[in-house]
Amino acid sequence: MVRSIFLLSSSKVHGYEFLRHAQEELTTFLKRNSVKTILFVPYAKIAHDKYTETVSKALSPWGYKVEGIHVKKNPSDAIRSAEAIFIGGGNTFLLLKTLYDLNLVEVIRGAVLNNGIPYIGSSAGTNVATLSIHTTNDMPIVFPPTFDALKLVSFNINPHYLETDASKQHMGETRDERLNEFLEYQKRPVLGLREGTALIIYDDKVTLVGDRKAKLFKPECDPVEFDPPCDLSFLLKGN
């Protein structure tokens, strides 16, 4: 079964309304998969109804119906029967803990990888789509049983990737330093996704889209920048 995955760095970009910066690519993705109704997973935030309403207001003018998984009697069945799954941003630790608490990790993985149900992730939803949440920017406000995530792709991502502005005279640790600490222990690549960028994955093809570069960190290598649109399929072919 072909996997279809759309991973956004963020839902909000300066100068755009919610999700509007990705409208063209996202609608193309949904049309390609014949999606009309999207199952939204709001577990990265506390106010589930409000968050689902925000997503619905953004997507309904584009012709899509949004349903919140939190109002479903059986979340597992809702995942298995979904036309598409959208996991939104917020706190990655809260999101992953909730997915484990509700026994949804394996259900989502099977739905996406075995049954071909399209997956959309943004920020925290992108973090949990990877091998682990080690490279999130969030604070651990709760404790999931493990940092292992959905493993829909075989590498890690750092959404909202941002380099320190040297002119600000910041003397604390930079994002690059923190990601290099991860590389020293985990020995696997991390893609820094700047806001306004996304990855579109069809089967084993990975395409970077957006209006900014992505930065790839690999163990014992200098970081490499990639200009969109470009093919990053090599990320799925081993570390």
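Good morning. I begin with a single side chain: a polar atom of the side chain of Arg194 lies 2.9 Å from the backbone oxygen of Lys213. A pair of N or O atoms within 3.5 Å, one able to donate a hydrogen and the other to accept it, is called a polar contact.

The model is predicted, with local features needing pLDDT of at least 70 and side-chain atom pairs pLDDT 80 or more, while totals for chains, interfaces and linings use all residues. Residues are numbered from 1 along each chain, and side-chain values use heavy atoms, without hydrogens or water.

Let us stay with Arg194. This residue sits in the loop that leads from β7, residues 190-193, to β8. Is Arg194 buried or exposed? Its relative accessibility is 13%, and Arg194 therefore counts as buried (buried is under 20% relative accessible area, exposed over 50%). Leaving aside residues up to four places away in sequence, Arg194 touches Ser9, Tyr161, Glu163, Arg212, Lys213, Ala214, Lys215 and Glu225; contact here means heavy atoms within 4.5 Å.

(Strands are DSSP runs of E with at least two residues, and helices are runs of H or I with at least four.)

Which strands are joined to β8? Strand β1, residues 4-8, runs antiparallel to β8 and is joined to it by 5 bridges; two strands pair if there are at least two bridges between them. Within that pairing, Leu7 faces Leu199 of β8. Strand β9, residues 205-210, is also antiparallel to β8, and 6 bridges join these two strands. Here Tyr202 stands opposite Lys205 in β9. The hairpin of β8 and β9 has 2 residues between its strands, and Asp203 takes a positive phi near 55° there.

We turn now to helix α5, residues 105-113. Why is α5 described as largely enclosed by the rest of the structure? The reason is that 7 of its 9 residues are buried. These are Val105, Val107, Ile108, Arg109, Gly110, Ala111 and Val112.

Finally, some notes on the backbone. Leu19 has a phi near 70°, a positive value in a residue other than glycine, and its place is in the loop between β1 and α1, residues 23-32. Glu220 likewise has a positive phi, near 60°, and lies in the loop between β10, residues 214-217, and β11. Where these two residues part is in accessibility: Leu19 is buried, with a relative accessible area of 0%, whereas Glu220 counts as exposed because its relative accessibility is 78%.

One peptide bond also deserves mention. The bond from Pro228 to Pro229 is cis, with omega near -10°. Pro229 belongs to the loop between β11, residues 224-226, and β12, residues 230-231.

Thank you for your attention.

Key
Buried means under 20% relative accessible area, exposed over 50%, partly exposed in between (1.4 Å probe, protein chains only).
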